[in-house]
Amino acid sequence: MVEPDMPELPEVETVVRGLRKTLPGRRILDVWLGKTDFIHEPELLPQRLSGARIESVHRHGKFLVIKFAPSENEARAALPKRARLLQNASAGRSREPNQESPIPRHLLVHLGMTGQLTTRKPEDIVKPHTHVVIRLDDGMELRYTDTRRFGRIRFVSGELEASPLGKLGAEPLKVTSAEFIERIRPRCTQIKALLLDQRVLRGMGNIYTDESLWRARTHPARRGSTLRIAELKDLHAAMQSVLREAIGLRGSSISDYVDSLGTRGKYQRQHQAYGLEGKPCTRCGQRIRRIIVAGRSSFFCPRCQRAPRSHAAAGKSNAKTAAHANPFRPKTISGARAKSPANRRKSAPRHK
Ligand SMILES: [Zn+2]
């Protein structure tokens, strides 16, 4: 399945940070549902969310996770019968419901391509394609709007490790350089595909993969196993700085992405490669190219990001199937790899 380009980690993180300011502590009054074909077991939403209190909001990869506080009844029901009896006898009303471990309850939201999760006043116009409205006890509404309905919503009762989230890879902002290298280096898959693979890293998508590879001067078709340790360290640092800067600018608004208040992000103005085919590279002036790698459009600078030898050799056959007939790098520099200025620049940080 081809993953849509938006939203990715920085966009979801921006939405989460916005919702975190308003949702925790709120009780849900009721849930209205429109179209539900993108919701896993939609009947659970009104059943299980009505009356629930929101405890926290966090991000897991590209998933937005709303955690609910246990209700008094649930906390009690989760205890073995004997413990309940003992508790009733000794602790009485002073019992803290959170002390034992009731069944965790979460709402998972994946924004897909055009999903928007915003808090609105009831009098605010309900946008077309609004499919979920959650009424809150402070008078606000949490609305999910999704034009194309590629998003996903799922109520999960039980540990998150047992849900689809449990299969996801490392968090890109937290993964250490050593773990990053460990995850990439044994693989002979193309680096672009590895970065996009949610089982390797959770949260990267097409935009931030291309931006990270551009910053690290790594060609998207390089194989994980051919990248040197120093190159992987550079890529790890580039990925984390790109993601942090994008979060700082509240994400990239390419299509429908908006934050929890309906405001567009600004990082799209900082893109150096993604979506800039034909524009000069800001580092070297060479025109940015677009090729297909891992089934996805990949934007890169053919001078700063040198193609692997195998790819350059296969350039002719690949060019026929790719959307663009350009070879992966100009033939004029193919024989002068070691001496080219781009190559010297690329190796510079390794001696630091
Ligand atoms: Zn360049």
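Me: What percentage of the 352 residues in the protein is buried?
Reply: The structure is a predicted model, in which local features need pLDDT of at least 70, side-chain atom pairs count only at pLDDT 80 or more, and totals for chains, interfaces and linings use all residues. Residues are numbered from 1 along each chain as its sequence is written. A residue is buried if 20 or more other C-beta atoms, placed from the backbone, lie within 10 Å of its own, exposed if 12 or fewer do, and partly exposed in between. By this criterion, the buried share of the 352 residues is 38%.

Me: How many helices and strands are there in the protein?
Reply: Both kinds of element are DSSP runs numbered from the N terminus, helices (H or I) having at least four residues and strands (E) at least two. The protein contains eleven helices and eleven strands.

Me: Among contacts between residues at least 6 apart in sequence, what percentage joins residues at least 24 apart?
Reply: Two residues are in contact if their C-beta atoms, placed from the backbone, lie within 7 Å. Of the contacts between residues at least 6 apart in sequence, the share joining residues at least 24 apart is 67%.

Me: What distance does H8 reach from its first C-alpha to its last?
Reply: H8 (residues 229-248) has 20 residues.

Me: Which helices do the buried residues of H8 pack against?
Reply: The buried residues of H8 are Glu231, Leu232, Asp234, Leu235, His236, Met239, Val242, Leu243 and Ala246. Their packing partners are helix H1 (9-22), helix H5 (177-184) and H7.

Me: How are H7 and H8 oriented to each other, and what is the handedness of their crossing?
Reply: The axes of H7 (residues 206-216) and H8 come within 8 Å and cross at roughly 130°; axes are lines fitted to C-alpha atoms, for helices over the stretch in contact, and angles run from 0 to 180 degrees between N-to-C directions. Angles under 35 degrees count as roughly parallel, over 145 as roughly antiparallel, 65 to 115 as roughly perpendicular and the rest as oblique. A crossing is left-handed if the near helix is turned anticlockwise from the far one by less than a right angle, and right-handed if clockwise. The two helices are therefore oblique, and their crossing is right-handed.

Me: How do the residues of the contact of H5 with H8 divide?
Reply: H5 and H8 pack at an angle of about 115° with their axes 9 Å apart, in a right-handed crossing. Ser177, Phe180, Ile181 and Ile184 of H5 form the contact with Ile229, Leu232, Lys233 and His236 of H8. These residues divide into five nonpolar, two polar and one charged.

Me: How many of the 14 residues of H1 are buried?
Reply: The buried residues of H1 pack against E3, strand E4 (63-69), strand E6 (115-120), H7 and H8. Leu9, Pro10, Glu11 and Val12 are among those buried. H1 is mostly covered, its count of buried residues being ten.

Me: Is Arg217 buried or exposed, and why?
Reply: Most residues other than glycine have a negative phi. Arg217, in the loop between H7 and H8, has a positive phi near 60°. Because 25 C-beta neighbours lie inside 10 Å, Arg217 counts as buried.

Technical notes:
The expected span of a helix is 1.5 Å times one less than its number of residues. Ala, Val, Leu, Ile, Met, Phe, Trp, Tyr, Cys and Pro count as nonpolar, Asp, Glu, Lys and Arg as charged, and the others, Gly among them, as polar.
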